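Subject: Structure handover

Hello,

Here is the structure you will be working with. Please open it and keep it in view while you read the notes below.

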Amino acid sequence: MRILKYIFLLILLALVGITVYVATQKGDFEVSKSSIIKTQRSTVFDYVNDYKNWETFGSWMQKDSDIKFNYDAKTIGAGAKCSFENGSDEGDIRTVFVKENDSLAQKANFNGTTATISWKFKDTIGGTKVTIYSKGKMDIITKITSFFKGGLTSILGDVYEKSLRNLDKTLNYEMKTYSIKVNGIVQRPSGFCLKQTVSCHIKSVGKNTKILMAQMVHFFNKNKIPMAGKPFVDYDRYDVANDFATISVSIPVRQQINISDGSDVASGEIIAFTCLKTTLTGDYSHSKEAWAKAKKYIADNGLKENFAGNYTEVYVKTIDDIKQPSKWITEIYIPVFPKAIELPKPIFAAESPTVEAPKTTTTPTETP
């Protein structure tokens, strides 16, 4: 029994010694990992730049299904923020710098351990080289717990490697899996909505749509306004020649709502129009092809566009409904004039066929 006590005491002293040793070591860490993502750079950058996409490739997020994520109104670009919690663990990350299609800089905090994280995106043979680099300082608890798991540098290195593999797999399948279906002529109903309008270069339409959409959803949730339908975008102006577009990001409401002056959100009306409906199932990067297919259908079937109508995209399923881009559903509505119906030509009496009377032959009388 005395020997067991000595052994227990030695183990206890060893643990205390290791803890003291680890606690007195420097808490600085630095990790860098790179991988080739087989997708074009702009697509990879846009995907990583939105925190709502991180659940699809972040290995630490996929490993633990109990993590709860909280997204701010802004999840894209400089100033974007995301927080998460899991029991007593909590953390947050925010974007502090963005260089379009090139790099991102972020600051993260997890249970007191702080770090700066940078992403670098570079064109290379076969796709995009993505590099994650992080540098930070551990709190004492993290130093001790990570020591028995091989050290934080090893842990983070493994996390980054798996996350980059997940990113490649996600983009390679999710972004390339899609379908387009021209549904035919439909009638879009009238109604009311709340909207935000912005003018920008055409290349910024996609990014601004995501930003305004998140702001509109946040506005509805904050003010407890029930949505009467799916969010949609009206293309008020789309001038390719001058690289200029004006879009309105809207959400339907049951009745007209008056908004006070000075608000970014305005009250709007949905006008009923006859439209050609086309459905895109998949990522928004295929929208251009979907619009082209719809326009071809119009030309091939002798339809005419009604330029007085609203050119609209309705977001039936988005990242807020399902994380996989291959399952997103977008409906495209192009206003057209109803096709004239050709009625059978009536037959009038004057046009009735003439029945010719039978001919009689007269034999001349012979003279005696």
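The lining of the largest cavity divides into five nonpolar, two polar and two charged residues. Here Ala, Val, Leu, Ile, Met, Phe, Trp, Tyr, Cys and Pro count as nonpolar, Asp, Glu, Lys and Arg as charged, and the others, Gly among them, as polar. This is a predicted model, in which local features need pLDDT of at least 70 and side-chain atom pairs count only at pLDDT 80 or more, while totals for chains, interfaces and linings use all residues. Residues are numbered from 1 along each chain as its sequence is written, and side-chain values use heavy atoms, with hydrogens and water left out.

The residues that line the largest cavity are Arg188, Phe232, Asp234, Ile270, Ile271, Phe273, Cys275, Asn310 and Thr312. At least two of the lining residues come from each of β10 and β13. The volume of the largest cavity is about 60 Å³, and a search of the whole structure finds one cavity of 30 Å³ or more.

On a 1 Å grid over the protein atoms alone, a cavity is a set of points where a 1.4 Å probe fits but cannot get out, and a pocket is an open set with protein on both sides within 12 Å along at least five of seven lines; lining residues have an atom within 4 Å of a point. Grid points are joined across faces, edges and corners, and a volume is the space filled by probe spheres set on the points.

The largest pocket holds about 1,700 Å³ of space. It is lined by 44 residues, and those closest to its centre are Lys203, Val205, Gly206, Lys207 and Tyr284. Helix and strand names follow DSSP runs numbered from the N terminus (helices: H or I, at least four residues; strands: E, at least two). α6 gives the largest share of the pocket lining, seven residues. By class, that lining has 16 nonpolar, 15 polar and 13 charged residues.

Is lysine 277 buried or exposed? It is buried, because its relative accessible area is 19% and buried means under 20% (exposed is over 50%, partly exposed in between; 1.4 Å probe, protein chains only). Its side chain makes a polar contact with the side chain of glutamate 331, at 3.5 Å. A polar contact is a pair of N or O atoms within 3.5 Å; within protein, one must be able to donate a hydrogen and the other to accept it, and residues adjacent in sequence count only if both atoms are side-chain atoms.

Regards
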